[in-house]
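Visitor: Could you walk me through this structure, one question at a time?
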Amino acid sequence: MKPAPVLTASRLLSWGAYLALILVAPLLSRSGYWLSLLSQIAIMTVFALSFNMLLGQTGLLSFGHAVYYGLGAMITMHALIAVNHHVLPIPVTLLPLVGGLGGLFFGVLLGYVTTRRAGTTFAMISLGIGEMVAASSLMFPAFSGGEGGLSSNRVTGKGWLGITYGPQIQVYYLIALWGFACVVAMYALAQTPLGRIANAVRDNPERAEFIGYNPQVVRFLMVVLAGFFAGVAGGLTALNYEIVTSESLHAYTSGLVIMMAFVGGVGYFFGPILGALLITVLQMAVSSLTAAWLFYFGLLFLVVVLYAPGGVASVVVEHRRLWHAGVLGRLAPAYLLAAVPVLLVGAGLVAVVEMVYRLMKEDAASAHLRVFGFTLDASRGLFWIAVAAAIAIGILLLRKVARTVSDERHRAYATLRQERT
Amino acid sequence: MTAPALRLSGVCKSFGRTEIVRDVDLSVPRGERHAIIGPNGAGKSTLFNLISARFPVSSGRIELNGGDITSLRAFEINRRGLSRSFQITNIFHNLTVFDNVRCAVLWSLGYRYSFWQRLSALADASERADEVIQRIGLRRRRDTLASTLTYAEQRALEIGITLAGGAEVVLLDEPTAGMSRSETEEAVALIRRVTEGKTLVMVEHDMGVVFGLADRISVLVYGRIIATGTPDEIRGNPAVQEAYLGTSRAHA
């Protein structure tokens with residue numbers, strides 16, 4: 001039997017498309033906002049995938065993954081400061097590697113403690129370690145920069161071929177290429193003996209022992225390697241923002257990466273990529289539109305956990321299967337029908353949330369919302385009656401339509417099964 | 001004379017004050033098919049769990065090919081050539097049949113915790129896995145998720161995982177539990193085929209299976225081995241008839 005080739009045509013196509021997307025995306029708009037959004041997405045992609053090496057691949061739910069990210073960022077920042085002081089002769093291009101090695105080092109150090117147990121015990125230990133590291137970061141201000149954080153300048157010299165990392169576009173390409181390399185590396189890692197045994201340990205650690213593997217060692221190695229990639233992500237953040245505060249290793253950041261992985265889908269390699277994309281867009285774009293963005297954040301998380309527990313990725317995969325079987329088209333009318341009440345309920349909820357937020361500001365004048373040229377006034381009873389009616393009608397319709405959609409889906413799956421046998 | 005494949009001397013196990021396994025001595029020579037029978041709650045599965053280090057022994061000594069394995073951990077014992085199956089199916093549910101078996105061959109082929117080699121390039125691992133899958137009759141289900149297999153198929157996979165690493169001493173814990181007559185016959189044929197030349201120790205309730213497969217039988221009652229011998233000797237042993245077959249008649 002001949003070993004399978006590394007690059008099949010379809011794999012080459014999807015990776016090529018991914019690379020092309022990364023390279024072309026910044027050319028679509030000249031705004032600085034667009035570039036910083038793309039940079040952030042690229043960084044979070046690496047961070048979320050490194051988290052999923054633990055949760056999705058090894059079955060370890062870590063509440064303290066930001067530790068490796070934050071420490072990686074701080075170590076990179078120290079390296080950058082040293083470069084600026086001409087103490088360290090490392091080109092800025094290679095600094096994310098320093099962050100990665102930092103993450104790796106702390107993975108070895110902390111992983112030894114955290115990976116003795118799996119399951120809930122691991123989750124709790126990771127939470128404890130996360131809090132400890134966050135607390136001690138403020139106790140060692142020389143390392144963490146204290147309240148103000150660490151900052152430095154990524155432009156360290158004349159540069160090479162005009163690459164000084166002064167302009168954001170240059171930093172974007174640095175981040176994007178490092179990010180792409182990390183994504184490829186993490187994908188490849190999942191296809192190695194360790195990667196597959198990690199899946200085995202996830203499914204059944206006891207049986208893994210009875211085929212010769214020590215589950216503790218498997219978990220430890222995965223934590224160390226995930227620490228490396230989280231550290232690279234931290235290093236990229238340090239170069240991107242030129243400032244690192246201790247918030248980067250706090251529980252908030254750990255929580256963020258959990259949401260990215262869950263919303264995207266932990267069961268698929270590309271799930272966390274989608275999650276990083278969605279959450280970052282929500283975080284950056286929606287937060288500039290409304291003060292209630294954190295509320296929508298929670299709402300999205302809730303909807304995904306309740307209605308698509310496999311994350312966005314599972315929805316995508318499921319519909320791609322239906323598409324390939326040629327039955328997706330049959331679902332379209334039902335979906336269009338469902339879109340009406342979904343939009344109605346959604347718009348109603350948004351109106352309520354926005355108005356409540358405005359009323360909370362104690363400023364009656366701000367209780368107006370201009371939507372498509374209409375002025376909505378929350379101080380009027382009529383507005384609330386209209387919103388309540390919209391939501392009620394939407395929910396009633398939704399319950400009716402939900403049946404149709406689920407019937408259609410059952411029918412589509414039945415055809416899918418028939419065609420297979 | 002070579003050391004027996006497996007030797008237990010004075011093995012005891014208590015949970016709290018309850019003694020489950022009492023002073024068990026057992027010697028299984030290489031190449032023998034040895035069955036452990038006994039009424040429910042006699043401690044058969046516990047004995048297996050002690051040998052494979054799922055539980056630590058309270059006292060006593062266990063040797064594998066003459067080497068002491070009493071205080072080793074499960075994966076260390078596995079690496080020394082002892083493998084076991086489970087009474088309750090214990091497989092990797094979210095992996096395909098192929099990946100289940102391939103995982104089980106990786107250590108024995110020396111790939112250990114490698115994260116620098118591509119699995120799909122490891123032709124020997126794939127070949128060995130496919131060979132095992134062929135032998136356990138799951139070739140048509142090779143790329144199916146283990147969780148979606150039928151019960152009998154999962155039991156076959158259980159045996160496949162147990163044998164894939166090439167262990168010389170194999171412990172099977174009720175391999176035909178919950179199977180229909182025809183499934184049992186297939187399973188027995190499978191076990192006979194795949195344990196050729198190996199040392200087999202099995203716990204089994206089905207007397208047809210036991211007397212058909214085993215070279216020697218040990219009878220465990222209340223944690224003690226009351227008799228060891230060939231199937232004929234066991235059938236004719238009055239103590240066994242009284243203690244074991246008698247109770248089973250009383251149950252029926």
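Predicted model: local features only at pLDDT ≥ 70, side-chain atom pairs only at ≥ 80, totals over all residues.

Visitor: Is B:Thr96 buried, partly exposed or exposed?
Guide: A residue counts as buried with 20 or more other C-beta atoms within 10 Å, and as exposed with 12 or fewer. B:Thr96 has 16 other C-beta atoms within 10 Å, so B:Thr96 is partly exposed.

Visitor: Which residues does B:Thr96 touch, not counting residues up to four places away in sequence?
Guide: B:Val28 is 68 residues away along the chain, and its C-alpha atom is separated from that of B:Thr96 by 35 Å. Leaving out residues up to four places away in sequence, B:Thr96 touches B:Asp143, B:Thr144, B:Leu145 and B:Ala146.

Visitor: How many of the five residues of strand E3 (residues 33-37) of chain B are buried?
Guide: B:Arg33, B:Ala35 and B:Ile37 point one way from E3(B), while B:His34 and B:Ile36 point the other way. In a regular strand the side chains alternate between the two faces of the sheet. Both sets in E3(B) are buried. The strand is therefore largely enclosed by the rest of the structure, and the count is five of the five.

Visitor: Which strands pair with E3(B), and in which sense?
Guide: One partner is strand E8 (residues 199-203) of chain B, with four bridges; there, B:His34 has B:Val201 as its bridge partner. Another is strand E9 (residues 216-221) of chain B, also with four bridges, where B:Ala35 stands opposite B:Ile217. E3(B) pairs with E8(B) in the parallel sense, and with E9(B) the sense is parallel.

Visitor: Turning to chain A, how far apart are the end C-alpha atoms of helix H7 (residues 168-190)?
Guide: The helix has 23 residues, and at 1.5 Å a residue it should span 33 Å. The value in the model agrees with that, because the end C-alpha atoms of H7(A) are 32 Å apart.

Visitor: What covers the buried residues of H7(A)?
Guide: The buried residues of H7(A) include A:Val171, A:Leu174, A:Ile175, A:Trp178, A:Cys182 and A:Met186. An α-helix has 3.6 residues a turn, so residues three or four places apart point the same way. Among the elements covering the buried residues of H7(A) are helix H1 (9-24), helix H2 (32-58), helix H4 (95-114), H8 and H10 of chain A.

Visitor: Which helix gives the most to the side of chain A that touches chain B?
Guide: The contact takes 27 residues from chain A and 34 residues from chain B. On chain A, helix H8 (193-203), helix H9 (205-209) and helix H10 (215-241) each supply at least two residues. That side divides into 15 nonpolar, seven polar and five charged residues. With eight residues, the one that gives the most is H8(A).

Visitor: What is the radius of gyration of chain A?
Guide: Chain A has 16 helices and four strands, and buried residues make up 41% of its 421 residues. A compact globule with 421 residues would have a radius of gyration near 22 Å. Chain A agrees with this, with a value of 24 Å.

Visitor: What distance separates the centres of domain 1 and domain 2 of chain A?
Guide: Chain A is divided into domain 1 (9-293) and domain 2 (325-420). Taken over C-alpha atoms, the centres of these two domains of chain A are separated by 36 Å.

Terms used. Residues numbered from 1 in each chain as written. Chains lettered and ligands numbered in written order. Contact = placed C-beta atoms within 7 Å. Nonpolar A, V, L, I, M, F, W, Y, C, P; charged D, E, K, R; others polar. Expected span 1.5 Å × (residues − 1). Domains from an automatic or database assignment. Rg over C-alpha atoms; globule rule 2.2 N^0.38 Å. Pairing = 2+ DSSP bridges.
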